[in-house]
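Let's take a walk through the aromatic rings of this protein. Have the structure open as you read.

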Amino acid sequence: MKKITYKETDLYDPIRRLLAEQGFTVRGEVKGCDIAAVKDEALWIVEMKLSASLKLLFQAIERQTATDWVFVAIPRPRNARDKHYTQFSKILKKLNIGLITVALDSPGRLAEIISFPSGKDAKKNKKTAQVKREIAGRTIDTKGGTQEKVNTAYRERCVRIAAVLEIHAPLNAPALIREHGCEGDAYTILCTNFYGWYEKTGKGTYALSAKGIEYLMDNAAQSLVAYYRAKARN
């Protein structure tokens, strides 16, 4: 029988479903975190690996600077009494890190929270705010554990402006904001032109550059581009 090879991304959907069912807004690849989820004031961070390792522990400890609600996620062991697994579980409890397992070897691929960090007040610092702000700024999700380019909240805002300009240019920042619902930093994005997607066509007005047209054409099938193109046409 051919051995099945799993990827870290296989852990993501079961964990996302588990957290979403509990009312969390879940996003993958947020500020270096495999998974970040918010519900009210609570911020949960999950780091995923296909096996228990020191690297996974180090990542989880680093995430504790943003929140006390940090979990690691690994595939469910075939034997819950496995010595390596039980020792790893004990270390997690010592470090106040929660544990989630995913049944990758089961058709349902259910995720289960095995242990929680001890309950503490939600942290409120710069890192906490950055992660929460990034989650709030995204509409289209990215799978945690992916090696692909991440569509950050900033990139998403840039794509939205590009999609509007593709159909309605030339436009200025106030028109982008008032008439087409773009975010309030549209003027800064146009002026900075980080990706080179825009070009000035007159006093305060912009259109798509050749690079911007090429980007939208090359990524037409991507969910982010398709979403904002459809939105711009309405």
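Predicted model: local features only at pLDDT ≥ 70, side-chain atom pairs only at ≥ 80, totals over all residues.

**Rings that meet**

Residues are numbered from 1 along each chain as its sequence is written, and side-chain values use heavy atoms, with hydrogens and water left out.

Now for the pairs. A search of the whole structure turns up eleven aromatic pairs (rings of Phe, Tyr and Trp, the last by its six-membered ring, pair if their centres lie within 6.5 Å; planes under 30 degrees apart are stacked, over 60 edge-to-face, the rest tilted). Take Tyr154 and Phe194: their ring centres are 6.3 Å apart and their planes sit at 85°, so this pair is edge-to-face. It links distant parts of the chain, 40 residues apart, with Tyr154 in helix 5 (residues 153-168) and Phe194 in the loop between helix 7 (186-192) and strand 7 (198-202). Helices (H or I, at least four residues) and strands (E, at least two) are DSSP runs, numbered from the N terminus. Tyr154 is partly exposed at 28%, and Phe194 is exposed at 60%.

Back to Tyr227 and Tyr228: with centres 4.9 Å apart and planes at 80°, they are edge-to-face. Elsewhere, Phe24, Trp44, Trp69, Phe71 and Phe116 form one aromatic cluster.

How values were computed:
Buried < 20%, exposed > 50% of the residue type's maximum accessible area, 1.4 Å probe, protein only.
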